[in-house]
Amino acid sequence: MTQGHRITIEQGTEHVRVVRGGQLLAESTRPLLLRETGLPVRYYLPAEDVRLDLLTPSETRTHCPFKGDASYWSLPDAPDLVWSYPDPKPEVAEIKDHLCFYEVEAV
C-alpha cells in the first residue's frame, strides 16, 4: 500500500440483499467488508450467493493499483453494475471469487 492508503477486509455477519427493478440479484449472510481509504465500505459477496444467470459479462476492465484487474457484469438497464477481481493482488486475496455491487442493502 502507498503511504496514507489502507485497505482492510473483515468477515461480515450482515444479511445483504441486492434488488434491482424488483428482482433479487444477490443475497448473502457472509459478505466480506472491504474498507478502503477515501471510499465507502464495499460488500464483496461470494459468487455462489449472486444470481450470475441474470447478469451478462461486460467488456469493461479496470485496473486498481491496490486490488488488481477487475471484470464487470451488467443488466440490460445497468451497465457494469457488479465487479470482481478474478486474480486479486496477494494483499487482498480474500476477495477472490467474490463480487461487489454498487448498491447493496444490509438488513
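UniProt positions are given here in the numbering used for this chain, and such annotations may be inferred rather than shown by experiment.

I am working with a predicted model. I looked up the UniProt record first: an unreviewed entry annotates "domain: DUF427" over residues 16-103. Across residues 16-103 I found 56% strand and 0% helix, with the end C-alpha atoms 10 Å apart.

Next I asked which residues of the largest nonpolar core touch the most other members. They are Leu 45, Val 50, Leu 55 and Phe 101, in a core of 16 residues. Strands S2 (16-20), S3 (23-28), S5 (42-46), S7 (68-75), S8 (78-84) and S9 (98-101) each give two or more residues to this core. S8 gives the most, with three residues. I then followed Leu 55: leaving out residues up to four places away in sequence, Leu 55 touches Val 50, Trp 73, Ser 74, Leu 75, Val 82 and Phe 101. A second, separate core has 13 residues, including Tyr 44, Cys 64, Tyr 85 and Val 92.

How many aromatic pairs does the structure hold? I noted two. Tyr 72 and Trp 83 form a tilted pair, 6.3 Å centre to centre with 40 degrees between the planes. This pair links strand S7 to strand S8, its residues eleven apart. Trp 83 also forms a tilted pair with Tyr 102, at 4.5 Å and 55 degrees. Here Tyr 102 sits in the loop between S9 and strand S10 (105-106), 19 residues from Trp 83.

Together, Tyr 72, Trp 83 and Tyr 102 form one aromatic cluster.

Technical notes
Residues are numbered from 1 along each chain as its sequence is written. This is a predicted model: local features need pLDDT of at least 70, side-chain atom pairs count only at pLDDT 80 or more; totals for chains, interfaces and linings use all residues. Side-chain values use heavy atoms; hydrogens and water are left out. Helices (H or I, at least four residues) and strands (E, at least two) are DSSP runs, numbered from the N terminus. A nonpolar core is a set of buried Ala, Val, Leu, Ile, Met, Phe, Trp, Tyr and Cys residues joined through side-chain atoms within 4.5 Å. Buried means under 20% relative accessible area, exposed over 50%, partly exposed in between (1.4 Å probe, protein chains only). Contact means heavy atoms within 4.5 Å. Rings of Phe, Tyr and Trp (its six-membered ring) pair if their centres lie within 6.5 Å; planes under 30 degrees apart count as stacked, over 60 as edge-to-face and the rest as tilted.
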